[in-house]
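Here are a few notes to read alongside the model. Have a look at the structure first, then go through the points in order.

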Amino acid sequence: MSRREVFGRNAAQKVDAIHRSLLSGLLGNIGKKNPEGQDYVGPRGVRFNMFPGSALIKAKPQWIMSADLVETARLYARTVAPIDPLWVEQLAPHLLSPSYGTPVWNQEGARAMVQMKLSLHGLIIVPARMVGYAKVDPKGARALFIHHALVMGEFRTDGKFLLHNLDLLEDARHLEDKARRRDLRADPARLYEFYDARIPADVWDGPRFEKWRHEAETLDPKALYMTRADTLMGDVEDITPERYPEVLVARVPSGELRFPLQYRFDPGHPADGLTARVRLPDLERVQPWMLDRLVPGYLPLKIAELIRSLPKAHRVRFVPVTDHIGPAVDAVKNSPLILTDALAKHLQVPRDSFSESELAPWLFTRVAVIDGEGRVVASGRDVAGVRKDLGVKARSTFADLPEGPWNRDNLTSWDFDELPAQVDVRLANMVLVGYPAIVARDKTVALRLFETDLAAHEAQHDGLRRLFELQIAPELKYLEKNIPQMAEMGAWFRTFGTAQQLKDDILGASCARALDNPTPLFPKPEDVRTKQEFIRIAAEGWKRLVPASTEVAKYAAAIVQTRHKIEQMMARSIPPLLMPGVRDTQEQLEHLVYAGFLTATPVSWLAQLPRFLKAAEIRVSKIFDAGAARDAANLQVIKPLWRRYLERKHAHKKAGVIDVELEKYRWMVEELRVSMFAQELKTSIPVSPVRLDKQWELVRGA
C-alpha cells in the first residue's frame with residue numbers, strides 16, 4: 001500500500017513527524033553518506049553500511065537514521081529512514097558542540113559576524129552558519145565594531161561626529177603629505193582608545209550604538225567629537241600655512257595668478273610632491289620662476305640638493321651644505337630670476353653648473369591644467385612641454401572645426417554677432433578655451449579661434465585693419481596715387497622689395513596708425529568686440545587717415561633713404577678689421593627694413609625707426625673713421641644680448657608662442673645700440689645692459 005493510502009492527505013508531513021519522533025531516541029544511529037565511498041559516517045566516527053535489503057538501498061539518501069545497527073561481516077544499518085540534519089539541532093541542541101572561525105565585520109549589518117560549526121560527537125551537523133559574534137564574545141564583538149565602524153569609518157550614521165572626526169584625520173593626513181612624513185597622524189590604536197573610553201561595554205553593534213549615542217548626545221552633543229590633538233601624534237608647529245600654503249600667488253603686470261596647490265607624499269607616483277592646478281586660460285602666462293621655488297617649506301631642501309649637484313670643483317666650497325642653506329634661501333626667495341640663476345648668482349658659480357637631472361622629481365612642481373569644467377586635461381613637470389602639447393592640440397582642433405560662427409571666410413563687412421572674449425569648445429574628453437578674432441586675408445577677412453588671447457589679439461589687430469581698409473577702399477585708391485616722393489622711395493627700396501610692396505605697406509601702416517587712437521574713449525583695434533565699436537573706431541580712423549598717411553610716408557622716406565645711403569657706404573672695399581661691425585650693422589638693417597616692415601613694426605615704435613637708421617649711419621661712419629676698436633668693444637656687449645633674442649624668437653615661433661615681453665626686449669636692444677654707437681642722438685627710454693637683463697627675466701622660456 002502507498003503512503004497516501006495509509007496516512008491519507010499530507011502523508012509526507014505525517015511521515016516526517018513520525019521520523020522526528022523516532023529520531024529523538026535514535027541520535028546515536030544517524031549517519032551521513034561518505035562522499036568518498038558507499039558507507040555512512042556516524043557519531044564518534046562510527047562507519048556503517050545500509051543493509052542490502054533496505055528499500056532505500058538504491059536511493060542512498062545523504063542523511064539516514066536506523067532502528068538498529070547489526071554487525072555481521074560488516075556493521076549494517078537496518079530499518080532505515082531519510083532525515084534532515086536540522087532535526088538533530090532542533091531535538092538535541094544541548095548535545096551539539098559548537099566551534100567558530102575567525103570573526104569578520106559585516107558593514108551592512110553594522111556588527112561583527114562569525115562562522116559557526118555544530119557537531120554531534122564529532123559528526124558535523126551544521127557545517128557553516130554565520131551568527132552574530134556578540135553571542136560568542138561580546139568584548140571581541142565590541143572591539144571589532146569600534147575598529148571598523150568608528151576608527152575605519154565603515155558605518156552609516158546620521159551623527160555628525162564621525163564626519164567631523166574623519167575630516168580631522170584627513171587634515172592630519174594632509175599635514176603628513178605636506179611634511180612628507182608618515183608619523184604625524186594618530187594610529188588606529190590611539191583612535192580606538194578614544195572611542196573605547198567613551199562607549200559602554202554593552203554596545204557592540206550599530207543599533208545598540210545609535211540608541212546609546214542619541215541618549216549621550218542629549219547630555220553632551222559633542223561627546224564623541226575628537227580634537228586636533230586626538231588625531232595627531234607628532235610635532236606640527238613648523239607645518240604652517242606660510243611654509244606650506246594652499247594657494248600659490250604669482251604677481252604679473254596685469255595683477256596676479258593664483259594656483260591652488262595639492263600635496264602628495266607617494267614616492268614613485270606621478271603626482272608625488274607639489275601639484276599646481278592651472279586654469280587653461282592662465283597657462284600661457286605661467287613663467288618658470290613662478291613655480292621653481294615650490295613652497296617655502298620645500299625651498300631649503302631643493303637648494304640643498306642643487307648645491308650637492310654641483311661639480312666637485314665648486315661643491316667643496318660649500319661643505320657642510322647645511323651652513324649655506326639659510327643665506328641662500330634669503331638670497332633667492334624674492335629674486336625675479338629663475339631659481340638656478342638666482343642661486344648661481346648668490347653662490348658665485350656658473351649658471352649652468354647645477355645638474356637638475358640628479359634631483360628627485362618631487363623637487364619640481366607638477367602642473368595640472370584644468371579645463372572649463374574642472375577636469376585635468378594635461379599635466380607634467382615641464383610647463384613648456386605641457387603648453388606646447390596643449391597648444392598643438394588646440395590649434396589642430398580649431399583648424400579642423402567645421403564652418404560655423406567662429407570659422408567663416410570671405411567676409412567684407414561686420415555681418416556677424418558680437419565677438420566674445422572667449423568661448424568653450426567641447427571635445428570628447430575635455431573643454432578647450434578658444435579666443436575668437438577677425439583675421440586678415442588677401443582681399444577679405446575671416447573669423448577664427450585661437451588657442452591664446454595673445455594670439456587672438458595679434459590676429460585681430462591686423463584683421464580689423466584689413467576690415468577697415470575694405471570699408472574705405474575709394475579713399476585708399478586716392479592716397480595711393482598721391483604718396484609723396486613715391487618715385488624716389490621706390491628707387492631707394494628696389495634692393496629690398498618692389499615699389500608696389502612699399503605702397504601697400506605705407507597704406508597698411510597708415511590705416512593702422514589711423515585706427516590706433518591715443519584717446520581712452522576709443523578701444524584699441526584688438527579690443528573691438530561689437531559692430532557699434534567698429535563703426536565708432538572706423539569713423540574716427542577715417543578722419544585721421546590723411547594726416548596718418550602723410551606721417552607714415554615721411555617716416556618711410558627717411559628710413560628707406562637712410563638705409564639706401566648706408567648700403568652705399570658699405571658697398572666699398574672693407575678691411576677685415578672693420579668687417580665685424582659692418583656685418584652686425586647689415587644684420588640689424590635686415591631686421592629693421594624689409595618688404596612689409598612698416599605694418600610689421602608696432603605703431604608705438606614706428607616713429608623711432610628713422611632714429612635707429614640714423615644711428616646705424618653714424619655707426620658706420622665712425623667705423624670707417626678710426627672708430628673700429630671702440631665699435632668692437634661695444635659689439636661684445638651688444639652681440640650676446642641680440643643673439644639670445646634671435647634664439648628665443650625662433651623657439652617661440654616654432655612653438656607658436658607670442659610674448660610681448662620679448663618684443664619689448666627687442667626694441668630695447670635697438671635703443672641700446674643708439675646709446676652705444678650714436679650717443680648724440682639720445683634714447684627714448686632709459687636703457688643699459690643691466691636693464692635688458694632685468695627685462696629678459698620677464699621673457700617667457702622656450
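**Notes on the model**

1. Start with two helices: E661, L662, K664, Y665, M668, V669 and L672 in α24 meet P689, R691, L692, Q695 and W696 in α25. Contact here means heavy atoms within 4.5 Å. The residues of this α24–α25 contact split into eight nonpolar, one polar and three charged.

2. A word on the source: this is a predicted model, where local features need pLDDT of at least 70, side-chain atom pairs count only at pLDDT 80 or more, and totals for chains, interfaces and linings use all residues. Residues are numbered from 1 along each chain as its sequence is written, and side-chain values use heavy atoms, with hydrogens and water left out.

3. Back to the pair: the axes of α24 (residues 660–677) and α25 (residues 689–696) come within 10 Å and cross at roughly 170°. That makes α24 roughly antiparallel to α25 (the term covers angles over 145 degrees).

4. Buried means under 20% relative accessible area with a 1.4 Å probe, protein chains only.

5. What does β10 pair with? Its partner is strand β11 (residues 255–264), in the antiparallel sense and over six bridges; DSSP has to find at least two for strands to pair. Opposite A250 stands L257 of β11.

6. Last, G508 sits in helix α17 (residues 499–515) and is buried, at a relative accessible area of 3%. Leaving aside residues up to four places away in sequence, G508 touches R465, E469 and T599.

Conventions. Axes fitted to C-alpha atoms, helices over the stretch in contact; angles between N-to-C directions. Helix = DSSP H or I, 4+ residues; strand = E, 2+ residues; numbered from the N terminus. Parallel < 35°, antiparallel > 145°, perpendicular 65-115°, else oblique. Nonpolar A, V, L, I, M, F, W, Y, C, P; charged D, E, K, R; others polar. Buried < 20%, exposed > 50% of the residue type's maximum accessible area, 1.4 Å probe, protein only.
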